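Hi,

Here is the structure I said I would pass on. Have a look at it first, and my notes come after.

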Amino acid sequence: MTDPKLKEAVLNGFAEKYGDAEGVSCYFAPGRVNLIGEHTDYNGGHVFPCALTIGTYGAARRRDDRKLRLCSLNVGGGKVVETSLDELTPSPEAGWTNYPKGVIWAFEGRGMKLPTGFDLVITGNIPNGSGLSSSASLEVLTGFILRDLYGFEVSNVELAQIGQYSENNYNGMNCGIMDQFASAMGKADNAIFLDTADLSYEYAPIALDGMKIVIANTNKKHKLTDSQYNARRAACEQALAELQQKVDIKGLGDLTPEQFEAVKDAIPDEDRRRKAHHAVYENARTIEAVSALKAGDIRRFGELMRQSHESLRDDYDVTGVELDTLAETAWTVPGVIGSRMTGGGFGGCTVSIVEDGAIDAFRDKVGGVYRKKIGYDADFYIVSIGGGPEKL
Ligand code: GLA
């Protein structure tokens, strides 16, 4: 369910910034939360994310010239950035506009040249820097808008691929496909069991009887996410190259834990071996978690969420005191089925499955311990699983 107030806000914003809202169309693309399968998507492993009902809203209209006018009501103080189709080069000063510009650049690189520019206003309700994929939702939103405004023939899976490509090559963040795929292919009340080795996927209904998905935001401000993230990815790539001396695999996701144990000595560096260990075991956990869910064994799913967090903390080194405090405290609250960090890590959010009757206790206990230990508040949101991008 999208929020009619935000649709109204982008339409009003559009009229205010550009004079009128004649012939304007409105669009939405969701953010995501990943239930399990972290740092597996650039290793050819499995992920299990779902789209959320929160996301990014856009109002857009074609122009007759090559100008692009871009405005966010959330960042940059509502300032209109004027640029053009002839200025598609990334720059730090361009800030958030590097995302829509990157997507236009990626479309053009695939032969889908825009005949004219357009005017755009965006807003959204994904908390800033929360790791719930505000950038992926903006990329998917932009691609969806381009398809609609100019009639390009491109599927939603391709919108995800274009989004990832632009983020990798225009914005310098070597992310995998999970976030863009979850946004572009979301389905209400379902998580997506995606094999990133070949993009085959299956929807799995999430019918949480008497439970909710609760997100806790660390509100951590300074994160070195991109550089650390790229370093993890590089470590996995090196570990893969070392393993390929011994076994014929395309990605770490091709190995079962048993197969990995038999060949892991091909990775001489202990730290790198731990990183690869995480990728292999996390992939196996994700496959098992989805089977457990299908079998109605939500408790096992919750245990695997905990193991996932422990592995991200101990082997992959991407949690930090804030995420650890949230997850570890959650594990002590009766009625919490599972809790783990979600997304890239280093800050951002945890995702927890909590029984309805335990939600208040969860918020009190986890919030209280967090404030005491970290010195500022965490935020809590009960979320629903929404659909993919749409024209409103
Ligand atoms: C970020 C990236 C994703 C994925 C996760 C970790 O969200 O954008 O591609 O790698 O981190 O699972």
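This is a predicted model: local features need pLDDT of at least 70, side-chain atom pairs count only at pLDDT 80 or more; totals for chains, interfaces and linings use all residues.

**Ligand site**

Around the ligand sit Arg 32, Glu 38, His 39, Asp 41, Tyr 42, Cys 175, Gly 176, Met 178, Asp 179, Tyr 229, Gly 343 and Gly 344. By type, that shell splits into 4 nonpolar, 4 polar and 4 charged residues.

For Tyr 229, a side-chain N or O atom is 2.5 Å from a ligand oxygen. Asp 179 has a polar side-chain atom 2.6 Å from an oxygen of the ligand, and for Arg 32 the distance from a side-chain N or O atom to a ligand oxygen is 3.0 Å. On its own the ligand has 300 Å² of accessible area, and the protein covers 95% of that.

**Nonpolar cores**

The largest nonpolar core has 40 residues, and the members that touch the most others are Ile 104, Phe 107, Leu 114, Phe 118, Leu 146 and Phe 152. Elements giving two or more residues to this core include strand E1 (25-34), helix H2 (98-109), strand E6 (118-124) and helix H4 (156-169). Helix H3 (134-150) is also among them, and H3 supplies the largest share, 8 residues.

Leaving out residues up to four places away in sequence, Leu 114 touches Arg 66, Leu 85, Ile 104, Glu 108, Leu 146, Tyr 150 and Phe 152.

There is also a second, separate core of 30 residues, with Ala 204, Leu 208, Leu 304 and Val 351 among its members.

**Two single residues**

Is His 46 buried or exposed? His 46 counts as buried because its relative accessibility is 14%, and the cut-off is under 20%. His 46 belongs to strand E2 (residues 46-47). Not counting residues up to four places away in sequence, the contacts of His 46 are Gly 37, Thr 40, Phe 193, Leu 194, Asp 195, Asn 283, Thr 286 and Ile 287.

Leu 392 lies in the segment after strand E13 (390-391) and is partly exposed, at 27% relative accessible area. Beyond four places in sequence, Leu 392 touches Thr 2, Lys 7, Cys 26, Tyr 27, Phe 28 and Tyr 57.

Cheers

How values were computed:
Residues are numbered from 1 along each chain as its sequence is written. Side-chain values use heavy atoms; hydrogens and water are left out. A nonpolar core is a set of buried Ala, Val, Leu, Ile, Met, Phe, Trp, Tyr and Cys residues joined through side-chain atoms within 4.5 Å. Buried means under 20% relative accessible area, exposed over 50%, partly exposed in between (1.4 Å probe, protein chains only). Helices (H or I, at least four residues) and strands (E, at least two) are DSSP runs, numbered from the N terminus. Contact means heavy atoms within 4.5 Å. A residue is near a molecule or strand if one of its heavy atoms lies within 4 Å of it. A polar contact is a pair of N or O atoms within 3.5 Å; within protein, one must be able to donate a hydrogen and the other to accept it, and residues adjacent in sequence count only if both atoms are side-chain atoms. Accessible areas come from the Shrake-Rupley method with a 1.4 Å probe; for residues, only the protein chains shown count as cover. Ala, Val, Leu, Ile, Met, Phe, Trp, Tyr, Cys and Pro count as nonpolar, Asp, Glu, Lys and Arg as charged, and the others, Gly among them, as polar.
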